[in-house]
Each structure stands twice: as structure tokens, then as C-alpha cells.
Amino acid sequence: MVPNVPREELRKSLQDHFFHTADRLADDFCARVLPMLKAQEREDLTGYEAKAIQYKIISEEADPILLRHSPFYCETGTVGAQSDGAGRFHGFTHAGTWCRDRAEGKYHALAPELAERRSAQGSELLYLICGCFQDDMQHFFFNPRPVLKNGLSGLAERAKEALKTADTEEKAFLSAMLEGLYAVKRIEEKFAAKAARMAEKETDEGEKARLLRIRDTAARVPWEAPKSFYEALETLAFLRTVVGALEGVGYNSFGRPDVDLWPFYEKDIEEGRLTEAEAEELICAFLLEWDCRYDHDMKMVGYADHELENTYTLGGCDAEGKPIYNTLTHLFLKVTREEKIIFPKIKARYSSDSPKEYLDDCTWDVVRGTSVLLYQNDEASIASLVRAGRTVEDARDYIITGCWGMMTYGNIRDDHGNYVNILKPFEFAIHRSFDKMKKVGLTFETFDDAEDFEELYARVVRNCRVLLKERNRMTLEGKPLWHKLNPMPLSSSVLDDCIGNKKDLSNGGCKYHDEHYQLVGFPNIIDSLLAIKTLCFDKKVVSLPELLEAVRNNWEGNEVLRQMAMHAPGWGDGSAEVCELGARFQNDLYALTGELETLWPGGKVNLGHLTYTEIRFWAEKTLATPDGRRNGEYFSQGLTPSRLKKIPAVTSVVESLRALDMSTLGGNTVVNIILPAMQNGMTLETAEAFLYAAARSSLGSLQLNCASREELLDAQIHPEDHKDLIVRVCGFSARFTALSPEWQAEVLSRNFYEG
């Protein structure tokens, strides 16, 4: 093996490039190549032809970068340091976004009424779409398994064979795919040639050995299948950046490395080509490659300032349902712990069958105030995927991408940024926002004249139906334009089974055809309904119109009534009334999704409860609600209980989550929990007991922090003493000291459970 370089030297080399050079190179490349791409524009240019041109020109013009001390070749020199491949992510644009930007104007020209309505509805925060009518910007997964098995050349051979029986449109798709595969090969060869040139001039023997290994490996991999652990790990690194540069969209998962890389590791160990210590150093170099792309102390102010959209999934189970915890699982967690890695984000799958050693490895740092992973509950996740129509084997092989995106491995293209804000029609109805209803083209029933709670509840559900059907219309009418304007044939090459079906992932080529809607506002609606039920119909403290008028006045002059609303039963308190209403509302929402259509046969719309930094930015534009929330105050993230409900025991939260049918949550759920810090008595055993209990509930994604309010407050005053205090924020982690005062206040406003 090549001698290892000290970790600090590698870190410095990577940071020097990513902090000072990468963005300038990407900007220069874009300024030079984008005019070349635009010069190819013509009126009759199809989406497949445009994408093939993009693949070809970028690969021909790219001058890849090899970073000193790094064993990997993956920097194309065409994309900014923090970009995941998506255009305009973190303000970066690159040449690979030409096709998507070209398509955006055509969307509006081909469906002007739909585009105008979608714009109005988006501006009023009814839903989020990271694109025009579907997410064609990011949240993608480039499945590495076919490449690890047969190389890109194996995919090219399949595409050539499929061409023999293809019709005109299928030929356009497959031909563009082949152009993309050969573009990747072209960049691979450029890396090999550059490494050879650099090795000739290198005087440091260790560095020369690294360059020669890159030269020899890049001459084959990933066009040919990798043969060693190093080559397989390199394949993951290479595909992550090169495909994004060519396709112009964001990719956000390395899959399941402790599963996918295990055969390579095991064979290398058995045949004496690799030691565990050498594997650890390769994993360290791999993780530093991504973690060194941004400054951990950079202030988090905006929507996604500390988001790099880099993830991988560990643990879980195999096809037979047996827990996975192997040497690679341990090494990824060990290096993350030792090097204080924040990106890539770890998605740690677990269940009530998970071995304690695995949970120890996952939880060791969390109980010490360093929370850099997401716990994903296998029991809820697999049950919901099976009910959604996946085979048991596919369901057991799921991954978590992005923040909380739950998908089976390599056989579906679905968007997990589809936030549908059911709290908005609730707000419009309460505040009688008829002008906004007119603007968005939707009518929601108001509540003042509801004679009893059942009538009120029925109106809430009917309003949700209106919103869900309208969001569904955007998909059914707008999504058919996708494959015509901005198809993704290179990405399609690795998905089951776009080549066999001769169809792009944007045209129904994948095995599964589901959509996912992540709902926003479930806890606030439950709490509001219970406040109304308690105060207006059970105790008759106030009439419904009087309560709603107090809400419309932002509770001004009605503080006593507001306090009564806040002290009514609420989501997370575990009471029978709360559990019954929560289960009822969830089942009704699930029934509503059953009324929705998918574009291609066999699909269904799955619902989940997820929210990103919208808990602040959307909440700031949301008026008061009957749960006691004032104008602009935070709302709940996913299924997290409201901050207005001071629930002392976390077991009450788990009890509420158990009330929901986990199999109805195919879109996943997220809950924020803050347990006591280690200095306040938290132990590994206590934290793991909570995890085992949560595994038997509908909780999907758990964002667990172990901290005390006192420690966080001290970190505001003495940040230099708390550099390792890393908190799970919203789908990502960050140093608490790097958060803006507004985001620090958001974390401090959460429920701190006593036990």
C-alpha cells in the first residue's frame, strides 16, 4: 500500500483548495464553456440532444484537479466546493446547469397557466417544489451498485443491446445515455493522464506513489469494475462529483458503504492486500474529502448555509432481516468521531434487534454533546415501505438520502423535498384570507359557523383534500414535460430498470413510480383542534367565533385565553384524547392520499411529516393559530411536539407516536428530541433504552441531541470553550457556536426533556 500521509497535512491540502481555489476554477470554467453550450441552441433541439451536447462539451473541456496528499481523483475543476451539482445551490452556477436553465423557460412557455398558478401557490407557501413542476434540481441518488459490479462499460453494453430493438424516442434516450457514459470515461482518462504527468515531475516518493496508483487506477476505474477496497471507495468518490458536473443536478447519497464495500474489504483482508489500519486511513481520507469543503465556523444565517447534501447510510439489516454491524460500519463511525466530521451526514439505521455494540458506536458522541448523525427506525420504515408496495427484500434495503428522504435502493426516482403545508389552508380558513384564496385559485372552508367539533374537524380534512389534490394536479399536468425538456439519461443508466424499459427516470423508466408528499403542520393542527374542542365545545369557556377572533387579533388582550389554549391537551403528551385524535387525523390524511393519482401505473402517493428550515422561514410568514401560537412564531418540525407544550417526559412523546399506524408513513417522519446532557446524568444505556422504545413507534427519523440549556447558554457567552458542541439543527448538524443568534434561539426554544 501507498504510505499514509498525516491527517492534518491532508486536511490542510484539501482546505487550501476548497476554501481558496475551487470556486474560482469553477467560475472560470463556466465563463468559458457556457457560451460554447449556448452556441449549440436551436429551435428544434430536443432534451435528449441537448443533454448529449452538455455531456460531450463539458467532458472534452474539463481539466481535472488532483489534490496533494489525497488518494482520490474526483475533482473535475468545473463545480464549486459546496455545490452538490445543482445549479444555484449556495449561489453557485456551473456549466452543467445549462440544460436545466434552458428547460426552465420552456416550461413556462409550454404550460403558462400552470406555471403562473404554481408560482402564486408557492409564494403563499402552500407547498415547495425544487423546480418548476417537479424537483429537477437536486435530491438525486446515483446508484453505484451496477458500477461496482460491472463497471460503466457493463452499462454501455446493455444500452447498446437495447438500441437494437428501440423505437425513435427510445433511441434518442439510449444514445444520450451512451454519450454520458463515454463522457465519464473521457474524464476518467484525463485523470489518468494528469496523474502520469505529475508523477514524472514529483520528487517526494510518497506523493509519487500516490500519483502512480491514481494513474493506474484511473486508466480502468470506474469504466471497468473496481477490484479492491481502494478502487471501490474511489468509485464512490468519483461518481459523486463527476456525474453531478455532467448532469447538472445534485446528488446526495453514497448509498450503504458498509454493505456495498464489504465484499471488497473482506477479499482484500483475506488475501493480505489490506490491513484494517490501512482501510481506516482510506476511509478517513474519503470523509475529509467532503468535510473540508466548508468552514465549520461559518455563520449559519440563511436557508441552508451548513447544508452540503452529502449522506450515507449505515447499519440496518440484510435481505433476511439480520442486523448489520461490521468492521466498516465501525470504521466509518470511528473516523467521524475522531476527526469531528460533520459531512457527509450519517444515517444510522437501527431497530429493537440492533446489537448494543452498534448503538454504543453510534451514540458515544451524541451523549457527549456531539450530534452528527440521524437515527432511522427500521421497524417503522420497512413496514411503511412494504405497505407502499415494495417487496420485503427491497424494503429492507432502503437508504436515507438528503435530510430524511427514504427510498429503496436504486429502483425509484422520487422527490423528498415535496413539502405540502397543510397548516396554510388551516390559517387561511381561520383568518378568512379570501384575497389569498383568490390569488392561489383555491377555496377553503372557514370555521366560524361550525356547529360542533365534528363539523369543524370535517372542514379541516376537506381543506386538506383541496390542497393535496391541487398539488397532485401540478404533478399530473406538469411532470410529463420533464423528459422532453431536461431528461437525465446518464443518471437513468444505473436505475432498475431504465435501460430494460428504454425510458428515462423522468419518463417512468424506474421499477417503482411513487410520489412522496411531506406534510407540514400536523402537531400544530392537532393542538389547535384540541384547544378549540376543550375551550369551545367541552368546557364552553368561549364560543368558537370568539376564540377565532382572538386568534385573528394575534391574541392581543386575550393572554388568559391564550394560556388556556396552550394548556389544553396537545400532541406529544401521551393522553388518550391526543392519541385518539392524532391517529384519526393521520388515518384520514392517509385516506386522502389514496384518492390521488400518480403519473405512471402502479404508483401511489406516500405521505410523511417532515420540515426543513421552514420551521423558521415559513413560520415567520404564518399567522397566529388556536394552539396559542402568535404571528410568526415557530411551528413544529415533522411530528415534533410544539414548543408551547412543556412535556417533561419523553416517554409521553413515544406514547403519542405509538398511536399512529407506522405503515401509513411511507414518506417518513422526523422528530427532534433533546435529552439531558451527560453531566446531568445521561448515559449510553439510558439513551439506548430510549432508542429501543422509539423503535416500536411510528417515529422514522430521530434527530437526537443530548444537551442542557445551561451548557448552550454558556456556549453563547464562551464559544471558545464549546467547539465540540455540535447540534442536530434541521436535517443537518452544525457547531452550536456557528449558528446565528436567531438559530441559536430556535434550538434553545425546543423542549428539553427531563427523562
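Predicted model: local features only at pLDDT ≥ 70, side-chain atom pairs only at ≥ 80, totals over all residues.
Local features were taken at pLDDT of at least 70 and side-chain atom pairs at pLDDT 80 or more, while totals for chains, interfaces and linings use all residues. Residues are numbered from 1 along each chain as its sequence is written, and side-chain values use heavy atoms, with hydrogens and water left out.

A nonpolar core is taken as a set of buried Ala, Val, Leu, Ile, Met, Phe, Trp, Tyr and Cys residues joined through side-chain atoms within 4.5 Å. Buried means under 20% relative accessible area and exposed over 50%, with partly exposed in between (1.4 Å probe, protein chains only). The largest nonpolar core comprises 248 residues, and those with the most contacts inside it are Phe229, Phe286, Phe585 and Ile673. Helix 7 (residues 168-201) contributes the largest share of this core, 13 residues; helices (H or I, at least four residues) and strands (E, at least two) are DSSP runs, numbered from the N terminus. A second, separate core of 6 residues includes Ile399, Tyr409, Ile412 and Tyr512. Beyond its neighbours within four places in sequence, Phe229 is in contact (heavy atoms within 4.5 Å) with residues including Leu261, Phe264, Tyr265 and Leu328.

An open sheet of 3 strands has the order 6-7-8 with parallel pairing, where two strands pair if DSSP finds at least two bridges between them. Strand 6 (419-421) and strand 8 (605-609) are at the edges with a single partner strand each, so one side of each lacks a neighbour in the sheet. Strand 7 (residues 515-520) is joined to strand 8 by 5 bridges, and His516 stands opposite Asn606 in strand 8. Helix 26 (residues 576-593) packs on the sheet and touches strand 7 and strand 8.

In helix 30 (residues 709-717), the buried residues are Glu711, Leu712 and Ala715. These cover an arc of only 100 degrees around the axis (from the directions from the helix axis to the C-beta atoms), which puts them on the same side of helix 30. The face turned away from this buried side carries the exposed residues Glu710 and Ile717. Strand 11 (726-728) and helix 31 (741-748) are among the elements that cover the buried residues of helix 30.

With a disulfide defined as a pair of cysteine sulfur atoms within 2.5 Å, the count is 0. The sulfur of Cys130 lies 10 Å from the closest cysteine sulfur, in Cys403, too far for a bond. For Cys510, the nearest cysteine sulfur is that of Cys498, 3.9 Å away. Cys130 is buried at a relative accessible area of 14%, and Cys510 is buried at 4%.

Conventions: Axes fitted to C-alpha atoms, helices over the stretch in contact; angles between N-to-C directions.
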